[in-house]
Every structure is written in C-alpha cells, then in structure tokens.
Amino acid sequence: MPLRDENGRDGGIRINPSILAADFVNMQAELARIAAADFVHVDVMDNHFVPNLTFGPQMVERIQATSPVPLDVHLMIADPDRWAPGYAELGAASVTFHLEAANEPVALARRLRAIGARAGVAVKPATPVDGLLDLLDDFDQILVMTVEPGFGGQSFMPETMPKLRRLADEAKRRGSSVWLQVDGGISSATIAQASEAGADTFVAGSAVFGASDPEAAIVGLRASAAQHAH
C-alpha cells in the first residue's frame with residue numbers, strides 16, 4: 001500500500017522522465033538509465049490533436065516489455081474514448097487522456113480503472129479546471145500541462161500555477177488521494193515552483209535524459225520537490 005501523508009493523499013514525490021527527450025534508436029539502453037525513476041512518461045501524439053507524431057500501441061507495448069519502471073502513458077490524441085482503453089490493456093500502469101478530447105471523461109476513467117490502470121486526465125494551459133473540482137475522486141491523476149502539448153523542450157509557463165494550486169487546495173479540503181502532475185519545462189530551476197503550488201508528480205525530459213548522470217538528476221529533482229512540497 002502506498003504511504004499516505006497528513007492530508008490523506010498518496011505520499012511521496014514522483015519523478016517521471018519523458019522519453020520524448022530520449023534517444024529513440026537506443027530506447028532499451030535509455031530506459032535502463034532511468035531505473036531510479038518512479039515511472040517513465042510515454043507521450044503518444046497523433047498529429048491530429050497535437051501537431052506532432054510520436055508512436056502508437058506497438059511501440060508502447062515494446063517499451064512496456066523492456067522498461068524497468070511502470071509506464072505513465074500520456075495520450076495527446078483525438079477520440080481517446082475509443083483508443084485509450086487499448087493502452088490500459090497493454091499493461092500501462094497509468095493512462096492519461098486530454099479533457100479537451102474526451103466525450104465522456106468520467107466514463108472513460110471508469111473503463112481504464114476497470115481494466116486495471118490508473119486513470120488520468122490532462123488539461124492544456126488555457127483549459128480551466130473548474131469542472132474537475134467536483135470530480136477529483138473520479139480520477140487517479142490530474143495533469144496540468146505547463147507548456148502547450150505537442151513538443152518537448154519548451155519553457156515552463158508559471159501562469160499555469162494558479163490552476164494547480166486550486167486543484168491542490170480542493171484535494172486537501174476533500175482529503176482526496178488524486179495525484180497532481182505537471183509536464184513541460186520541469187527542471188531543477190522550476191520544480192520548486194510547481195511543488196509549492198501542489199504538484200507531487202513531475203514529468204522531466206531533458207533535465208533527466210540530457211544529464212550526464214540521469215540517476216543523480218532524478219535524485220536531485222526528487223529532493224528539491226520534497227523540500228518545497230505544498
């Protein structure tokens with residue numbers, strides 16, 4: 001059972017390196033470099049919901065077979081109501097779809113949970129979170145994008161922090177165990193700000209894969225986030 005903190009939320013800080021920053025040709029070796037991480041963040045883009053294309057179920061299945069840590073799949077795709085359950089069926093530990101793309105987000109989250117995955121919902125920087133405040137228990141994770149989704153290497157957007165803080169305050173008030181994730185521009189320079197605003201799960205790309213010692217980078221990020229925890 002996961003540890004619980006004084007607010008009843010799942011305890012601990014999670015660092016989820018994004019393979020967008022990895023060397024795709026040497027994926028198995030790259031995954032081995034992040035064995036100290038909590039999850040590996042796998043960005044699935046369809047060149048439709050976002051203007052970029054990464055990979056689909058076959059690649060995710062291979063990553064699942066070779067990764068030393070569980071998969072945190074982030075679906076930046078159209079029609080997740082149709083496609084998201086397939087990623088849960090591949091064995092991904094967590095599957096996150098975009099609120100903007102889903103027709104029935106709560107029903108989809110229930111399907112993902114029934115298959116055995118954690119169910120996550122993501123919001124773009126401009127998407128309000130008001131409608132999620134009463135639905136915290138319907139999701140295991142809420143991802144507040146801190147960049148526009150679609151490309152790696154973008155700069156962190158501090159203007160997204162008030163949304164994150166609203167979610168964190170409401171989760172605390174309700175005693176919710178929902179994880180609050182941030183993705184985009186997370187580094188040693190920005191992780192404290194996101195942690196202070198209430199994030200407990202952090203997607204980092206080049207800050208980990210671009211480091212000479214990814215394990216040390218993961219440890220450092222985790223320590224910084226814990227020091228500034230909401």
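Analyst: **The sheet and its surroundings**

Of the contacts in the protein with a separation of 6 or more, 64% are between residues 24 or more positions apart; contact here means heavy atoms within 4.5 Å. A word on the source: this is a predicted model, in which local features need pLDDT of at least 70 and side-chain atom pairs count only at pLDDT 80 or more, while totals for chains, interfaces and linings use all residues. Residues are numbered from 1 along each chain as its sequence is written, and side-chain values use heavy atoms, with hydrogens and water left out.

The protein has eight helices and eight strands, taken as DSSP runs numbered from the N terminus (helices: H or I, at least four residues; strands: E, at least two).

Now to the sheet itself. Eight strands make an open sheet with parallel pairing, in the order β1-β8-β7-β6-β5-β4-β3-β2; two strands pair if DSSP finds at least two bridges between them. At the edges are β1 (14-17) and β2 (40-45), each pairing on one side only. On average, neighbouring strands are turned by 25 degrees against each other, direction ignored. Axes are lines fitted to C-alpha atoms, for helices over the stretch in contact, and angles run from 0 to 180 degrees between N-to-C directions.

Let's zoom in on one pair. The parallel strands β5 and β6 are joined by four bridges, and Gly120 has Gln141 in β6 as its bridge partner. The loop between β5 (118-123) and β6 (141-145) holds Asp138. Asp138 counts as buried because its relative accessibility is 18%, and buried means under 20% relative accessible area (exposed is over 50%, partly exposed in between; 1.4 Å probe, protein chains only). Leaving aside neighbours within four places in sequence, Asp138 contacts Val106, Ala109, Arg110 and Arg113.

Finally, the packing. The largest nonpolar core has 62 residues, and Ile19, Val42, Val73, Val95, Leu167 and Phe202 have the most contacts inside it. Such a core is a set of buried Ala, Val, Leu, Ile, Met, Phe, Trp, Tyr and Cys residues joined through side-chain atoms within 4.5 Å. Helix α5 (residues 161-174) gives the largest share of this core, five residues. Not counting residues up to four places away in sequence, Val95 touches residues including Val73, Leu75, Leu112 and Gly120.
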